[in-house]
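Please read these notes with the structure open beside you.

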Amino acid sequence: MADNELLTRPDTAKNSDNASSDEIAGRTLPANLEAEAAFLGAVLIDNGLIEELSTPLLADHFYAPIHQRIYERILTLIDRQMVVTPVTLKPYFDGDEALAELGGTSYLMQLTADGQGLLAVRDLAQQIYDLALLRELATVGRHLVEGALDTSQEVEPMKQIEEAEANLFRVAEGTVTEGQSTSFRDASITAIKMAEAAMASGGGLSGKTTGLKTIDDKTAGLHNSDLIILAGRPGMGKTSLATNIAFNCAEKHLEWEHDGGEFDYGAPTAFFSLEMSADQLATRILAEQAEISSESLRSGKLTREEFLELSRASQRLAKLPLFIDDTPALTIGALRTRARRLKRRHDIGLIVVDYLQLLQGSGRANDNRVNEISEISRGLKTLAKELEVPVIALSQLSRAVEQREDKRPMLSDLRESGSIEQDADMVWFIFRAEYYHEAIRPDMPTETSPADVQDKFRAWEDQYLELKNKATLVVAKQRHGSTGNVPLLFQSEFTKFTSPEFRDYSDYGME
């Protein structure tokens, strides 16, 4: 039996699509066994070459199962700060049946015999990686064809298209194995990097910034793979807060690109606006940054100074990495497809969805709205994990809030909640006592009004002045930290949230 046949035949220790399926449609899968052997030989001669690689080469990228195991063992020993040579590798492969058929541990010596791989180790690594992606692409294509031709079960072309898009995204990202486990070592390194980023920020920020210090202090930022539900009744400012956070995160990334730094606390941001059009959203952002009334901007009642400030703000924001998709009535599947494309093209690091109840499910659960909302919330959590980005999804609260004397929101107020609370890593409620106090405004007294009527209005006015422009973000659930209230300031004329310097809750309507 030829060496190449021994290297590529199905392996009992590792039976994956890459290793066991040698042919698709009668054609051999692309691979270069000689390049794999030459690369392994070069690494065994000089272990330091691995640190110089720009290609994220993993054991699964090798075609030959025995090469996969050799490279995996090399990485393990290097991580233990051991020198890896054919001699130090020998004890780990003495009983390896596949290696025995290639001549036993003497095959390890053969890998280093000529040292040709030393001349082009980076090129060899890149070719191994590229061929692995081509094999995975061929496998995705095979599964796509087989699924499209098989009508024995359910005929769901849109579902197959979504799955194909997800698989192609994994190939584009270089992830050639689905469901690959993460070692504790890799997970702990990620955790240490987060802690290092928090220390470097000077304010405990280990995730992406919201641009609002009081929120960042409470949550340590927005973390990858997290689903954050931002809920509130109409008029509370959900969209305004989400827009502020999206802008702040994108702007921080722009500053990092310009100024540099070890850690990027911002990110290119995708904003899926199912309620407002892109130009309406842009108008809001311009009004916020130029601090011009949105009403004046829409009506065109601007002074020359305001128009110049608007022009300056527009020029400043021209390069902002904020991408708005205002397609109405999106399904959760279509949103995930669009998000993958934005991730691939612009490397987005934050997704905002305004709002959850305007998304549609797959159609299978339409007879039950609660089940459909549950499908949507699970889909958003899956998207956050798949793309490794935080997802902020806005949500409406039920009318039960309005029927209570105490208008402060609770988790039970989540509208058509289903599994929203369960799927979410954080649940935020935005609450403005000013809004409800405004609703009970008494009639303006006249000079001839009775004293009790005038006293009643003055008491209302005094409380209104205490509550004016104040808001509270209620962190009702936080999987990684404590719950509690976060004070904010809200400039309604600019639809802009900021953080207060003093944090006394006594006059926020929360105590």
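1. Is Phe-39 buried or exposed? At 0% relative accessibility, Phe-39 counts as buried, because the cut-off for that class is under 20%. Note that the model is predicted.

2. The whole structure holds five aromatic pairs. In one of them, the ring centres of Phe-39 and Phe-62 are 6.1 Å apart and the planes meet at 45 degrees, so the pair is tilted. Phe-39 belongs to helix α3, while Phe-62 sits in the loop between α3 and α4, so this pair ties together parts 23 residues apart in sequence.

3. Phe-62 is also part of a pair with Tyr-71, with centres 4.9 Å apart and planes at 40 degrees, so this pair is tilted. Phe-62 has a relative accessible area of 0% and is buried; Tyr-71, at 2%, counts as buried.

4. Side chains of opposite charge can pair when their charged atoms come close. The count of salt bridges here is twelve. One of them joins Arg-312 to Glu-309, with 3.1 Å between the closest N and O atoms. Both residues lie in helix α15, three residues apart, or about one turn of the helix. Arg-312 is partly exposed at 46%, and Glu-309 is partly exposed at 26%.

5. Glu-386 forms a salt bridge with Arg-340, the closest N and O atoms being 2.7 Å apart. This pair links distant parts of the chain, with Glu-386 in helix α17 and Arg-340 in helix α16, 46 residues apart. Arg-340 is buried, at 0% relative accessibility. A network of salt bridges links Arg-336, Arg-340 and Glu-386.

Note on methods: Residues numbered from 1 in each chain as written. Predicted model: local features only at pLDDT ≥ 70, side-chain atom pairs only at ≥ 80, totals over all residues. Heavy atoms only, no water. Phe/Tyr/Trp six-rings, centres within 6.5 Å; stacked < 30°, edge-to-face > 60°. Helix = DSSP H or I, 4+ residues; strand = E, 2+ residues; numbered from the N terminus. Buried < 20%, exposed > 50% of the residue type's maximum accessible area, 1.4 Å probe, protein only. Salt bridge = Lys/Arg side-chain N within 4 Å of Asp/Glu carboxyl O.
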